[in-house]
Amino acid sequence: MAKQEDRLAPIPDVDQISFPGEEEKVLKLWKEIDVFHNCLKQSKDKPKFTFYDGPPFATGLPHYGHILAGTIKDVVTRYAHQTGHHVERRFGWDTHGLPVEYEIDKTHNIKGPEDVAAMGIAKYNALCRGIVMRYAEDWEKIITRFGRWIDFRNDYKTLYPWYMESIWWIFSQLYAKGLVYRGVKVMPFSTACSTPLSNFEAGQNYKDTQDPSVVVQFPVLDTACEVGSGGAALVAWTTTPWTLPSNIALCVNPDMKYVKVRGKTKECEGVFILMEDRLVQLFKNPAEDCEVLARYTGKQLEGTEYVPLFDYFKEQKSRGAFRVLCDSYVSAESGTGIVHQAPYFGEDDFRVCLGYGIITRDQRPICPVDDAGRFIDEVTHFKGLHVKQADPEIINFANWLREARDWAISRNRYWGTPIPLWVSQDMEEVVCVSSIAELERLSGEKVTDLHRDKIDHLTIPSQRPGQPPLRRISEVFDCWFESGAMPYAQVHYPFENKAQFDDCFPADFIAEGIDQTRGWFYTLLVISTALFGGPPFKNLIVNGLVLASDGQKMSKRKQNYPDPMDVVNQYGADALRLYLTNSPAVRGENLRFREEEVKALLKEVFIPWLNAYRYFGQQVERLEKDEGIVFNYQESSDIPKNVMDRWILSFTQSLLAFVRKEMKAFRLYTVTPRLVKFVDNLTNWYVRFNRKRLKGDAGTAECQESLATLYNVLLTMVRLMSPFTPFITETMYQNLKRVLGTESELRADSVHYLMVPEAQISLISERTETAVASLQSVVELGRYLRDKLNCPIKYPLPEVVVIQKEESVLQDVLALESYIKEELNVRTVTTSTDKSKYGVALKAEINFKLLGARLKGDVKQVAQAAATLNDDQITEALSSGAIDLLGHNISADELIIKYAFSGERAEELSSKYQAHSDSSVLILLDTTPSQEMLWEGLAREVVNRIQKLKKEARLVPTDEVTVWYDAPDKSGELQRVIDCHLDYIQTATRAPLRPLASRPASTEVLIQEKEPKKKIKETVLELVITKGYVPGFSTTSGAATMNGSGGVQLACPWVNVVYGGRARRGNPEAVTGTLLLENPAGVPVLCSMDDLTAAARKLFGFAENSVEVLVDGVPLNTAAKMSALVGKTVFFLPKGSSANFTMNNAPFARFINVTLKSGAVASVLLENPVKSGLSSPHEILSVTGKLTGCKTSVGSLYTNESRSKIVRLDNIAALSGSSFYC
């Protein structure tokens, strides 16, 4: 017996699980075993992955912006650790600056510098120091609750003297390079705080929208010439900003008039040159808004040199680039009359530049864009961006660089890092101090703190005889300078850790919100570039802003957003983490936060995922209870035989490869949607399609194989998802690991100690994934039609027809038809490449609701054009995703596709079939069920009612219970359905079903329906569940105990059949089977070779006239009598192929014999072909019913002639070789 710790712990129903509660348990586990710090210890000798965390202020609590950026940081750093890196994650605090001082000024009624002077800087700074960590404990608590791992023990604060000392060193380096000067500058100013503001501080909430159409200034190079005087700039206009990096010239019309003007408006100050007729491009009222300084013809401007926007192609200047050219194609219709030239992106541009000799036909093209439309590495500012994505980047970049001013880093404040300049009164003598040691040496005093109140009194002797000592200037650093210095100051560089810093600089990764573009990102770049000539980071993820649901800024005053901790306490941190990382914000766009979407994600992803995990645990429990087999997982790289096992393993490995590739490029926005899709594929496709195998209905071997596959996927999934959803993955792993061997490398104290798996390429099958994608299309289309017609899946339908031009797609469908039959609950799957055979045609209409406002006056004409589209045009539109109608680009989503039947059978076909399609297939669903199908649907309704009641009682499948029912109309339809489908109902519910009137009073009632008069199809059905089975019922009873003696011979004449190729239906390896020549015995069903070949073709799916038929190794005579073939093996070989001829004296297929009421003996094959899966209880009873001449299934099979002992159909495999009665 297995030890208790080697078995899965029971998994409670999802309704009993609190996601936040489970996360609290995980936090407790992490704290007990110190998982985070142990991870750091385990990885200390691995390659380093460097991460910088921008320091927040601790004077307020974290908001959604912090949580979003923090989650992105946590995902990336966890993933880096779990892919073999050592990731030091230090938290930092921005403790200086206006946010702190503002709080003190407000609480102490400080109005200006005189109030601070009266209080004293020492007391003022002490007050500031006292509040800087006001919310530090709350920050740590909240960040930890969100699952973010970062080191608070080894944090850094900008107020630490060693941090401030590094800032002094940085400043001294800039000073030594001549990058620091004293000057006057117009800046934003805060009257409340009596200090200048940085652009970043003043513009934190500034919003700017850009149109792709832009006007660009190109300053004239020679300002001494007449054209360039006054700092004139040539003004060009373009609708393709992405071509600006390729600019090498400007073009004017030689014969048109151009003017040099001075703008008079605030919006358009400066001196500009443009076409006189196009002044309206810059000025609303040219006569009043500008002054004309000079006039030129375009020809007079020819040759004027200008300053290029970018220096990517500066070598072209020697060939005459970056000057004004002339050509008559420039018009006065639009723009500024000056056209920017990118010769490899426009025919005219190419022609003009070629004519001036700037380019030649045989030179290497000036084309900085790759085949995928992305900027190449040489375009450093925008490398990797698609050209259209780059439009706004280029526009903002140009504006930012053009408007960038020298950075005023001084502030007239008190609580900050003092600027280390000691100066003489006449400013002629300046000493820049670079360290504490230098200040001690120069001042002769011991220094322990660098704040103003500790050093402002220190003086440095003047080097000029008789002059007073130097005193420090009063200003402190802009706090953005301090945060921009964190890569160096956090490790006290260069005073300590120099080798460590040099080894890890620049950082591999940073992340913050888009509002930091003019803030931390910029200051990091400025300081790093000034110090080392390059950026301080290799990769940057910029997230968008998190707004309230109405698109407004989140406001405490307006209370227009839920508190983050309330959301976590309601839905869990994992749900919020995945919601944020799967949102537009990760792509740099804004997110309108909606709490209901977090709830929806919980229902759509986490609950199904947990249910799949729970279902696995239930079936492992059933396997041990019913069959005495304890599940233990053994790793294997073998490719499974079952197609759905192969598919989910392939899909899993493809996902691993995709995630590794995308995460290497830091593309979270592509990864998280695929992870969410994977949960859907696992829960709604794999588990759903394999329930019978997982439950053991297809035999023990199939059960164990499917459970091993599901375990493999679940374990892989928790390892892959652990950086994204660290809590639920830990919860699942702690249980899943129990069935791993004690020596397994995958058994650890935490899932976060494990590495993200490498993809096993050998398990990836693109063909299998494509085939299942076709299956999914068919099933989703069928589900849609059922929903549209309000036709529940419980009720069988006769047929689904799948139409597709590509034969390979139809082959995929046929290979998986058993899954389509089961999922759509249809009897037959038919395929065709010919749509006209069914008289179906597509018709298109426009969606007026979506297009009315956009098309305006053209809407009617476009609607008429859509109505005239033919079948091929509509199919192409669906495939490509859009179509052009009268010059309007109409997406496929903006069309309403309808289906019409035509021809002689139009009325018949339209009454029988409903049609629907997507971009891959068209299906027709036969919606005319027979009476037998309606009865089967009612039986499924009964099963559904029972299962819901069991769930309400919190029963699991292995619980032994009896279901008692009462249908008042004893001769009504519902009673007849129960009688006819009793065995199916009992098998599906794993419980005996008995009349309520026969229930002994001593039975213990577990639950009964609260509404005793609930109906099924207008008929009342009352249900009660009691504890224990009724006497004589056992779900483990098989043929050896209750179902008769095994080992009997097949009652009907038979032949074995073998196909020498790969089967086109079901499992491609299912190429052996058995055909009955009579059934019942004495009633011929296959009378000729044509009949036999047709039956084999239906079984294996080979094409007509494509095989040779052999018996005993020789071709079979087409006139051969069937009686001569009994007990032999017939081979159907693709023409031109050969095979090894092996015979079998027994039938290949498993079977049972059934004695009918008439006395005739019939046979029912339990599988055909072999490896295609065992028949369901319903299929066995349905076939038996047809043998008796009934249109419906028989109710039950019996083990005795008196027909008093019912055969249990729980374990189909155990029935093989037995005889029964009906």
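## Overall picture

A residue is called buried when its relative accessible area is under 20%, exposed when that area is over 50%, and partly exposed in between, with a 1.4 Å probe and protein chains only. By that rule, 52% of the 1222 residues of the protein chain count as buried. The structure is a predicted model, in which local features need pLDDT of at least 70 and side-chain atom pairs count only at pLDDT 80 or more, while totals for chains, interfaces and linings use all residues. Residues are numbered from 1 along each chain as its sequence is written, and side-chain values use heavy atoms, with hydrogens and water left out.

The C-alpha atoms of the protein chain fill a box of roughly 130 × 75 × 60 Å, taken along the principal axes. The secondary structure comes to 39 helices and 44 strands, where helices (H or I, at least four residues) and strands (E, at least two) are DSSP runs numbered from the N terminus. The chain exposes about 55600 Å², of which carbon and sulfur atoms supply 49%; accessible areas come from the Shrake-Rupley method with a 1.4 Å probe, and for residues only the protein chains shown count as cover. A contact means heavy atoms within 4.5 Å, and among contacts between residues at least 6 apart in sequence, 73% join residues at least 24 apart.

Four strands form an open sheet of mixed pairing, in the order 24-23-30-29, two strands being paired if DSSP finds at least two bridges between them. Strand 24 (826–832) and strand 29 (913–917) stand at the edges with a single partner strand each, so one side of each is left without a neighbour in the sheet. From one strand to the next, the twist averages 20°.

Strand 23 (residues 797–803) runs parallel to strand 24 and is joined to it by six bridges; Leu-797 has Val-826 as its bridge partner in strand 24. Helix 29 (residues 807–815) lies across strand 23 and strand 24, at about 165° to strand 24, and helix 30 (residues 817–824) also lies across strand 23 and strand 24, at about 130° to strand 24. For these angles, axes are lines fitted to C-alpha atoms, for helices over the stretch in contact, and angles run from 0 to 180 degrees between N-to-C directions.

## Nonpolar cores

A nonpolar core is a set of buried Ala, Val, Leu, Ile, Met, Phe, Trp, Tyr and Cys residues joined through side-chain atoms within 4.5 Å. The largest one has 141 residues, of which Leu-576, Phe-606, Trp-609 and Phe-616 touch the most other members. Helix 22 (residues 595–627) gives the largest share of this core, 13 residues.

Leaving out residues up to four places away in sequence, Phe-606 touches residues including Phe-19, Leu-578, Leu-601 and Ile-728. Another core, of 47 residues, lies apart from the largest one and has among its members Cys-432, Phe-501, Phe-521 and Leu-524.

## Two residues compared with their surroundings

Met-1089 belongs to helix 38 (residues 1089–1100) and is buried, with a relative accessible area of 4%. Beyond its neighbours within four places in sequence, Met-1089 is in contact with several residues, among them Val-1109, Leu-1116, Met-1122 and Leu-1125. Met-1089 and Leu-1116 are 27 residues apart along the chain, and their C-alpha atoms are separated by 8.9 Å.

Ile-33 lies in helix 1 (residues 19–33) and counts as partly exposed, at 26% relative accessibility. Not counting residues up to four places away in sequence, Ile-33 touches Asn-38, Asp-749 and Tyr-753. The C-alpha atoms of Ile-33 and Ser-750 are separated by 9.1 Å, although the two residues stand 717 apart along the chain.
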